[in-house]
Amino acid sequence: MRRSLIQLRWLARRSALRTLRRPAAFYPSLLFPLVLLVITTGGLHLSEHVPGFPATSYFAFALAGAFVQGALVGGVNAGVDLATDMQTGFLNRLSLTPTPRRLVILGELAGAVVLALSQAALYLIIAVASGVRLASGPGGAAVVLALTVLMSLAFSSFGAFLALRTRSSEAVLGTFPLTFVLLLFSSFFMPRALMHRGWFATVAAWNPVSYLIEAVRGLVITGWDTGALARGFAVAGGLAGLAVALTALTLRTRSVAA
Amino acid sequence: MGSTARSGAGPCIEAAGLVRQFGKDIRAVDGIDLSIGYGEIYGFLGPNGAGKSTTVHLLTTLLPPTSGRASVAGHDVSTRAGAVRQAIGVAMQEVALDPVLSGREHVLLQGALHGLRRSERVRRGGELLEAFGLAAAADRKVGAYSGGMKRRLDLVLALLHRPSVLFLDEPTNGLDVPSREALWHQVRRLAREDGVGVFLTTQYLEEADALADRVGIIDLGRIVAEAPPGQLKAEIGRPTIEVTAAEPAEEMAVAATLALFGSAVPARPGALAIRVEDATSGLVEIMRALAANGLALGHVEVRQPSLNDVFLAKTGRSLEGATEQAERVGA
């Protein structure tokens, strides 16, 4: 057990270092959600005056989207990194050690989760520095971080699953636009209660990303909304369970040999 | 910890009827049998696409066999893959390193994954980096290393945990002559002094000839010949004496004299060649006969049979030609 933890720590360390030492990969994924947050706030801040809008600050309302977007982009990056390791043969190097292969993949994901956690902590600091007061207090911030870990695990595992299936970093990177589809067709810009009862509201209701955003959003602008939190954790946990199971199954049936 | 146990009696690599099939038709490895001892350097020779790397992947647990069985360091590759990986060191054909990590970071990562204690990782890693001439560059990112430095780091990582069986998949590809000879020296030392079993794949005849105690020649997934290099060469052929006449006008007369001592074989343009039973005595007799007839030679060359001749005899194709053909198909 101790040996496995040491192996996991070193694999996670390498995974995180690889991202941190490539500024061209790291900074865009760190800053892009913040840029989008600033742009949407600039364009949609008058929504604060729409009757029934749940927040007095659109920035605080939209903040939740940055956490989910960060986890989504981090998931794609984790998949791209794993596929690159397969293409270059580095995964073979790791797989030729006595470290169990599931631990090798988990190590790659752990690095992505650590980065997502750091990213979320930075977003919280920026939010507080910008005048946002979390309605749920410091405890809520801890729950936001916990939910971020679960979201990151889910999306990174989907990235790993795609990497193991396709063995192509280009193929995994090709799913990047899907992150925007998931974000745009959710309650990212507007609460679902204010959406026109049409196809968009239906899509947003079926889109799991809506529930992740609403769980974080509740902690920021409402307080302890147990219903939203339960739905958010259930969706994140369900996605993580599904993605980890798919990844484990793929790992069992497909060779990692380049 | 590294597996340093040497089972003196048993083989370090054993395979029986090993098969790896891709899809319905392609049998990359087609029923290979192997038995390799500790302290032995086994050269696995064949052209590109013959099945060398797939065999290495099977023996190192990267690929499961389709059928047949194999054991490495006494452990079955299918059922005890973790124990196999603990015992082996592998340097793959493609040097796979992370360009943003330094050489030392690679060593520490590899040591941790092999379960070496921290002090051992640092000490053993430092020794090997020094031995392979990488100590000064150890803290530089690998992305800035030359091809030869990357290859040497790859070998450091393969040897870090003191493996009892070493797989080297075309290890001298891209190395300059001094680096290649240094590597050969290291491989010989590991086998002779430490009793490490070495499975070396190569497409270079001189490498197999210089290093291997035994050579297995693989073609189209099957081992077509297996013996010590000298024995293989002795089995298939006799030496060749190739000459050119000093005066072109005397070429016919020289050819007639040569024909008394052996059968003619193809030679370079402008040259004549015969195959003889014994190179030394044959050459002396030929020179005497030519002198007696007043004939002089411009050039004389004695060629011993090569592993390429062995490959040619066993497959009907030249090893170099087979490699070039495979490369053209691959391109």
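**Sheets, buried spots and cores**

Reader: What makes β4(B) and β5(B) paired strands, and in which sense do they run?

Author: β4(B) and β5(B) are joined by 2 bridges and run antiparallel. Two strands pair if DSSP finds at least two bridges between them, so β4(B) and β5(B), with their 2 bridges, qualify. In the pair, S71(B) stands opposite D76(B) of β5(B). Strands here are DSSP E runs of at least two residues, helices are H or I runs of at least four, and both are numbered from the N terminus.

Before we go on, a caution: this is a predicted model, where local features need pLDDT of at least 70 and side-chain atom pairs count only at pLDDT 80 or more, while totals for chains, interfaces and linings use all residues. Residues are numbered from 1 along each chain as its sequence is written, and chains are lettered from A and ligands numbered from 1 in the order in which they are written.

Reader: Which strands make up the open sheet that holds β4 and β5 of chain B, and in what order?

Author: The order is β2-β1-β4-β5 in chain B, with antiparallel pairing. β2 (26–36) and β5 are the edge strands, because each has a single partner strand, leaving one side without a neighbour in the sheet. Helix α1 (residues 52–59) of chain B lies across β1 (13–22), β2 and β4, at about 65° to β2(B). That angle is taken between N-to-C directions on a scale from 0 to 180 degrees, using lines fitted to C-alpha atoms, for helices over the stretch in contact.

Reader: What stands out about the phi of A73(B)?

Author: Its phi is positive, about 55°, although A73(B) is not a glycine. Most residues other than glycine have a negative phi. A73(B) sits in the loop between β4 (67–72) and β5 (75–76) of chain B.

Reader: Is A73(B) buried or exposed, and how do you know?

Author: Buried. The test counts other C-beta atoms (placed from the backbone) within 10 Å of the residue's own: 20 or more is buried, 12 or fewer exposed, and in between partly exposed. A73(B) has 25 such neighbours inside 10 Å, so it counts as buried.

Reader: And R167(A), how exposed is that one?

Author: R167(A) has 17 other C-beta atoms within 10 Å, so it is partly exposed. Its phi is near 60°, again positive in a residue other than glycine. You'll find R167(A) in the loop between α6 (137–166) and α7 (169–173) of chain A.

Reader: Why do β12 and β14 of chain B stand at the edges?

Author: The open sheet runs β12-β13-β11-β14 in chain B. β12 and β14 (297–303) each have a single partner strand, so one side of each is left without a neighbour. Helix α10 (residues 279–292) packs on this sheet, touching β11 and β14 of chain B, with its direction at about 25° to that of β11(B).

Reader: What makes a nonpolar core, and which residues of the largest one touch the most other members?

Author: A core is a set of buried Ala, Val, Leu, Ile, Met, Phe, Trp, Tyr and Cys residues joined through C-beta atoms within 7 Å. The largest holds 147 residues, and V68(A), L212(A), V216(A), V72(B), V156(B) and V198(B) touch the most other members. Helix α3 (58–88) of chain A gives the most to it, 18 residues. A second, separate core has 11 residues, including V243(B) and L272(B).

Reader: How many residues of chain B are in contact with chain A?

Author: 20 residues of chain B are in contact with 23 of chain A, where contact means C-beta atoms, placed from the backbone, within 7 Å. α3(B) gives the largest share of chain B's side, 4 residues.

Notes: Two residues are in contact if their C-beta atoms, placed from the backbone, lie within 7 Å.
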